[in-house]
Every structure is written in structure tokens, then in C-alpha cells.
Amino acid sequence: MRNKIIQQLVKIRQRLNQSIQLQFQNRNFQRLKFVNILLLIAIVIIFTSIGANSRTAPPTYQTSWVGNTFGGGEKWVQNNIQAMYVASDGTVYTNSIWDEAGREAGIYKDGNVIGKLSDTHGWSRVGGQAVTANSKYIYIAMHQGFVDRKDQDYPSKGTNWYCVRRYDLSGKSAPFTEGRGWDKSMLIVSNQSAVTGLATRGNELYVSDAAANRLRVYNTETMKELRSFSVARPGGITVDKQGNLWIIQRKNGSNAAKIGHYSPVGKQLPQEITQIVEPSAIAVAPQDRLLVAENGPRQQVLIYQIKNQPVQVGTLGSQGGVYGGVPGEVKDLKLYGLTGVGADSTGNIYVNSNGFNNSGTDLRKFSSSGKLLWKLMGLMFVDNADTDPKSDGVNLFTKQEEFWMDYSQPAGKKWTYKAYTLNPFKYPQDPRLHTSPDATWVRRIQGKPFIFLTDMYESFLQIYRFNPKTDGKIAIPAGMFVGTRPGGEKSVQGNWPPQQPDKGEWIWRDRNNNGKFDQGEYDSSEDYPYIGGWWVDTKGDVWKTVRTKEGIRHYPLQGLDTHGNPIYTYSSMQKQKTPSLFTDLRRIEYLPTTDTMYLSGFTVDHPAVGDDTKVVGSEIVRFDNWSQGNRTPRWRIVVPHDTTGKREVSTASMSIAGDYVFAVTVKTAEVYIYNAKTGALVKNLKPGPEVAHESGWIDIPYGIRAFRRSNGEYLVFLEENAKAKVIVYRLKL
């Protein structure tokens, strides 16, 4: 309404200006001069009032988020934790290889974010797999790669430093006399492989050097090596109150995992723990207890009494973890993908679940009796959400998680984590364990829910089904499309999946219902290798674009097999020509209920500058009556795109819902909303104060998803990679 009033006033002003010009030529102008001045003053007052109101008007949309305990700014939970140390006062120190916003190493306490260690990100630096602390310093494993700076201390080209880096307790680096690196805070342990364990006692720092099969001991102040001794496959370390070391010795080939016991000078002690499958973390606890994170099928923390010979005296967590009871259902005591364990001086136990293939952070504190006291979550990394259409926007899925929404709750409190949908023990060939999918479509086919996933480079489309009777909340591998690889090689490099064709592309379907890629389950073909986009329409048909003149592939759904897997074949595939206005076809969204096709790409009128393979292109175009052969556009929208080659401006993703077309830019994460009937720009969305007015880049092809609810409200889901969440906009249009 305000826009219409402004437009009308602009017209009035233009007419008034014309009238004034005529009055200058009128001999009676002096008599009319006073009236004209009053009119001009009135118009200025009106426009000033409107401008003030527009600046102070409340936003017409709400910003919320899913997947992180906190909304952003200086407070967010890192996107995964690969190592953890708990101090006696309950301060939790963490470490990981990568956090998009730079919290590779975080500090948490009492269910809150306290801080992070500085300078773990950028300049060829990343975090690592070990962390410890004493009363003065924090020590983390980290990696420093080559940087072309002759004036500072960096490794030479082709060389890597696997280091221990020292910090003070506030998170600032703490240099030492013989320290290496640009700030002299790094201790180089190896040039071969990562540091895998850290612990301290008194003035000694214990370091696992897995590449050398040695345990190295350094002075905590001077950081000089004091001694070393042989330990096979050393990993996590903890020190008991007698000063002796308990060291995880990782499994390797035929060598089973175990936990060894050593004196500080390297004497192997007779006590050891062997009845364990996948020990991933270790810590001492009060009353001569040892905590071991068992990341095998048990998915529990095993509790040992170690005063004499180690004896298991208890567990924390449900047997089987998240896969016990209703498989996949998230409960307080159901753990999954354990990467960290620790205890404070009062016996509270802290556990981090990281899922599998680095799903995300789920850090929990339990009382000594096993009651959940708090939890912190940072579940998202390179991900976006979509809703089950049957749920009217309430039931959301990401690539590995399921959430339920309560839109009556305040921002950031609307979501509840309901299920973890990946089971590596029952389905070890699940593509999510071997690839990096990043965007979800949820579809109902013959009334049944399915999830479809693709990746940052659109090299595949994965298909998952559900069977609550046999698998609870787990998404079961059902099918997969892959594209043709340039050069005539296997489409997927490496040893996975087994039995795949030697060249070309293929469609896999789980014909024998075991979730494995078996011989006889592939349908193969060859095609142009460069894919522009994927789409799954509401009927379950799959669409693909390749960046060529005959660039549209339509795979009509052939039904569901006896196991409930969708059937697609190359023999039923239909090729369709790219409309001539496109020079490089990218995204595709076909709406079968209205026979409307939306295509995007670079065009003859707005060609590409360079070759950014992940963006939408320069235009989004609507075609009506597509199946009847119409190729005349109803409208063409020129979206923000790169015209300089510097990639400062580009559109990452598009999504059509209801009466609107939604698009989002890469670097600013600004949402553009267009009228689907006319192509006219309607509105822009930017992150609100609920998320500190910030977002990371949209760097996946399907970083935006839109959905119209039955009440007319629109939900817009947006990848927010920086602070480990998905942004959710709610608005009425």
C-alpha cells in the first residue's frame, strides 16, 4: 500500500512541476506564487513523513533458524567437534579440522559459548583432532600449510607442519622461545600426519605421534622435547591420578583396537582394555574411573573402575545409541558418532556426538547419575532444509536430520530435533557416508515420503525411502543417479560404490532390498558430462539439465517396485531441446499441475563472463504449456549476475512456491522475490536481528527452498553455512 501511495505522489509532484513551469510564463504568476509555494511545502512534508515511516516501519517478515542452539553474532556452536577436553570446573575445550566461521577450537561452559581460540582459520591453517589444557595454557593439534610469505615463518612449498599450538586460557596464542609459525606459538611434531592425542600432568605435555608410532613428552613451559617412547598406533590420551597414561591404540588392518596402560617414562603396564571395538575418546573421572567413548555398534560411554585391574562397572547412554528402540529417534540418552568424552571434578559427564561423516555437533552434559543437564547443537554444514508437503511446513528434513517445527515459539526456539536418519551399521554403503550431499527435496510419491539429495557440483542425485516398521526414522538408500565423467572414466572415483560400470553414467536401484550396490542393479548410459541442474517434480519425475543445445533430460517415474523404490530407466528417458535463448542451461523446475516450466541459465542477451559452474546464470525464464510444445517465454527475469569476471555479484539458487519465484545471491545471501505471473520484483529479504543481520555465502546450487502453507504464509529456507544452521523466513505476501 505504501508503495502505491508513493507512486501516486510522484505523479502529483511531476504534474505540479509542469504547472509551475507554465506559471512562470503567466503574467499573473506573482499572484499565484504564494499558493504554489504552499503546495510545494505540503508535498515536501508528505514525502518526509513517508520516508520517516519507511525507515521505522517494522519488517514484514520474521527471521528464525534451525539446527544451532544460538543465532549467530559472536555466539554459535561450531559445526563439528573432533576432540574435547573437560577441565575440573566444567569448562569444555574443543577442536576440529574446520568451522566455516573460524571456531575450529571452541570454549563452552554451563550450556553457553565462552569463546574460541584465535587464528585457527585461513592462511593455510586448520584445526585438528586433539586438545588438552592445564591451569595456564590450552594446547591443540593443528595443521599449517605453505604460505608464500618470505618475511614470516611458514613451511616451504610441498611441506606440511602437523603441530601442537599453545594458547593462554583466554584463547590468545602463547608464543615460546623456540616456537615456530608466524607468531612463534607452534611446535612441529611431524611432517607426515596429524597429532592424534594430547594430555598434560604437572609440567609435562604428552603427544601422540601416530606416523612415528611414538608417544612424545614435552615441557609445558619451554615446549622442549624431554623424551619419547614407542606406542603402536597411538590416539587419545588421558592421565590417571597415579600419573600413568591410558592411551587409545587404534585398530589398523588385522590389529584390533585396545587401550594401553603406560608409565610416564614409557614402561608398558600390565593393565589394558581389549574388549572394545571402536574407542574414539578417553578421559578419567573421579573415584578412579575411566570413561571410554565406544563408537562401535554399542554407541555408549563405557565406565571402568581402574584402581586395580580395569573392570567395567557401568555405561552412559542407551544400548545401540540412536539406533536402539525406534531407530534414528533422538532421545536424551541415545548417542551417535561419539567423538569426545570428559568429566568435571563433581563427576558430571560430557559427551559429544558428531554423527557419521561429520554430521554436526551434539554436545551434552549429564549428571553422574545419567540425567541430561544441558545440550548444545551445531548440526548444519553445507546443508538446507525442505518440508514434507503433507505436514504443511511442520516436518523438516535436512540431509541427515529430521526436525519438527512449532511456529508459535520465538525465533530459534521453533525447532525440535527429532531424528538422525543415517545408520552406518545397517547400511554401510549409504551414499551419505561416501559423498558430500548438501540439499534436500522431500516428495510424496503414492502417498509415501521420499528424500532426494544432490551435491555442490550436481554430480549425482540420491534417493531415500522410509519404512517405519523395519527401520524407524532411518532413511533407507533406494536409488541414485550419477552423471557421465569426462575422459571415459568411472563416474565415481575410488572403491565405492562396488560393481559400478567402468564408464559413462548410471542409475542404481536397490532391487534386492539390502541397501547395497550389487551387481545387476545398475542401468547405464553415456551423456554430455557437464550438468546444470536437477529437479524432482511433485509426481516424482526426475529432470536434469546438461549444458548443451539438447540439454533437458526427463525421467518419468515408472512406479514403485515391490520394496517401495522409485523406478527410473534410460529407456523411458526423454530428451528435450534447450530453448534457443539460452547459451548455458542451468536450473530447472517443472510444475506438472499447471504445465509450467521454469528454466535458468546464461542467455544470448546476457552471456556468462567466465565459468562459475554453481550459479543460476543471468536469467530465470517461465514457459507456459510446456508439454504442449510452447517455447515462447511468458516472461524473462534478469537476476543479479557477474558482468566483470570478479564474481562479486551472482545468484546461487532459485525456488518456486505458490505465486512467487524466490532467488538468493551468493555473497550477500539476499533473497529476491518475484511475482510468478508477471516476473515483477516484489520484495527483498535480508537476515534480521534474530541472526545478527548476518549470513554466510550461499555456495550450494539449491541453497534456497520455498513453501506455501495452507494459511497462505510462505516459508523460505536458506543455507547458512557460516554459523552452522539453516535460516527460516516467514512472511505473508
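## A four-stranded sheet

Let's start with an open sheet of 4 strands, ordered β40-β41-β42-β43 with antiparallel pairing; strands here are DSSP runs of E with at least two residues, numbered from the N terminus, and two of them pair if DSSP finds at least two bridges between them. At the edges lie β40 (582-591) and β43 (633-638), each pairing on one side only. From one strand to the next, the twist averages 20°, with axes fitted as lines to C-alpha atoms and angles running from 0 to 180 degrees between N-to-C directions.

Strand β42 (residues 619-623) runs antiparallel to β43, and 5 bridges join the two. Across this pairing, I620 stands opposite I637 in β43.

## About the model

This is a predicted model, in which local features need pLDDT of at least 70 and side-chain atom pairs count only at pLDDT 80 or more, while totals for chains, interfaces and linings use all residues. Residues are numbered from 1 along each chain as its sequence is written, and side-chain values use heavy atoms, leaving out hydrogens and water.

## Around P449

Now over to P449, which sits in strand β31 (residues 448-455). P449 is partly exposed, with a relative accessible area of 23% (buried is under 20%, exposed over 50%, partly exposed in between, using a 1.4 Å probe and protein chains only).

Leaving aside residues up to four places away in sequence, P449 touches R443, R444, Y464, R465 and F466, where contact means heavy atoms within 4.5 Å. F466 is 17 residues from P449 along the chain, and their C-alpha atoms are separated by 6.8 Å.
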